[in-house]
Amino acid sequence: MAADDEARAVTARPHTRPGRGRRLAVAALALASTATLIAGVVTAVTFERSPDRAAAGTGAPADARPGGPVTTVVDTRQVAPLRRVVPPDVLVVGVTGITAQQVQRVRRIKGVRDVSLVDGGAVQLRSRLINVFAVDPSQFRSWTPPATARNNALWEALAADRFVVSSKAQRELRLTPGTPYSIVAKTIPTVTLGGAGDLGLPGIDMLVSERTGAQMGLIPDIALLINAPQADPARLTRYLERIFKDTAKVLNLNAPQYRQAAGYLDLYRQAARRCPGLSWTVLAAIGQVESDHGRNTGPSSAGALGPMQFLPSTWRHYGVDGDGDGKADIMNPYDAIPAAARYLCDHGAGRGGESLYNAIYAYNHAHWYVQKVLALSRAYAARYR
């Protein structure tokens, strides 16, 4: 398993500070965290008039075309089943659209496995500014946290041209599923709320279908999601900043200020269910000690890899395909965390007491390590009780 955690390299990750926004003549992008409903990191303005004037919702923007609300008709197309989960490591948000040439440069970077290009912007919903992505539900669901990705009702709602919001946006805006709402963008369609969930992206609190996004006048190809499980996130971010110099904001989603801790906690909770009697807090404690929840994935001085720091030889026996993509990936937290639960369970962790102590000791042969994990586990239990 893992070697002494003090021997692992620690990569400093610079604090990314949202910049001041700027508006173009039409459909501009402002990079200002304070302008959004829930202190997000990006704000894409998709209407020409001042947000203060548009917020009242009593009239269309100066260039809006007259027309009725978007007709909410159930789409007969089925949403593709979830086949894998792709954790986003970097989010790139353009000042204008991201070009095909830039996307190809990103694809060629060593360690980049998946990319997803989406339309987006900001709209007024109930007199508040909210960031929105327009997505293909069959494809984009893979980029969201596991519980959301597996919620077929949300993706079917998007396919039916309803909209979906983050749980926090639903709570703060007091939105009710099944209710139609006017959304102020370059047009003012009326769209029905299809549901809410954890979207897993900082500052992005609404999803609409690509068709609805086009009707709203969202900015084409404004954002790029990047999955690079074998790349150093900080180094990759710096390289991407050179590619997108002055044309986009690059956000390292593994940096502390953007890390979606709830996503990892959800994985720990789900994985613990594989081992009756094992608390998810033990997995969370190991994840913190081993990699700081995926921020330092090795290799260690002993060759351990991934968010749970498995030796490849141990992984060959205990690796798990947790996201159902047909591959047990030592670098993927959706595979590594349930693999850690499997390892601990096979060593008696579910029985608690001395058996739990011995299972953690088997994970890393050091008594100080066991004591540290147990102390952190108690801290997690107190924090999230």
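Residues are numbered from 1 along each chain as its sequence is written. In this predicted model, local features need pLDDT of at least 70, side-chain atom pairs count only at pLDDT 80 or more, and totals for chains, interfaces and linings use all residues, while side-chain values use heavy atoms, without hydrogens or water.

Trainee: How many salt bridges are there?

Mentor: A salt bridge needs a side-chain nitrogen of Lys or Arg within 4 Å of a carboxyl oxygen of Asp or Glu. By this rule the count is two.

Trainee: Which residue forms a salt bridge with Asp-329?

Mentor: Asp-329 sits in the loop between α11 (312-318) and α12 (333-346). Its partner lies 216 residues apart, in the loop between α2 (100-107) and β4 (114-125). The closest N and O atoms are 2.6 Å apart, and the partner is Arg-113.

Trainee: Is Asp-161 buried or exposed?

Mentor: Buried means under 20% relative accessible area, exposed over 50%, and partly exposed in between (1.4 Å probe, protein chains only). Asp-161 forms a salt bridge with Arg-211, and Arg-211 is partly exposed at 44%. Asp-161 has 6% relative accessibility, so it counts as buried.

Definitions and conventions: Helices (H or I, at least four residues) and strands (E, at least two) are DSSP runs, numbered from the N terminus.
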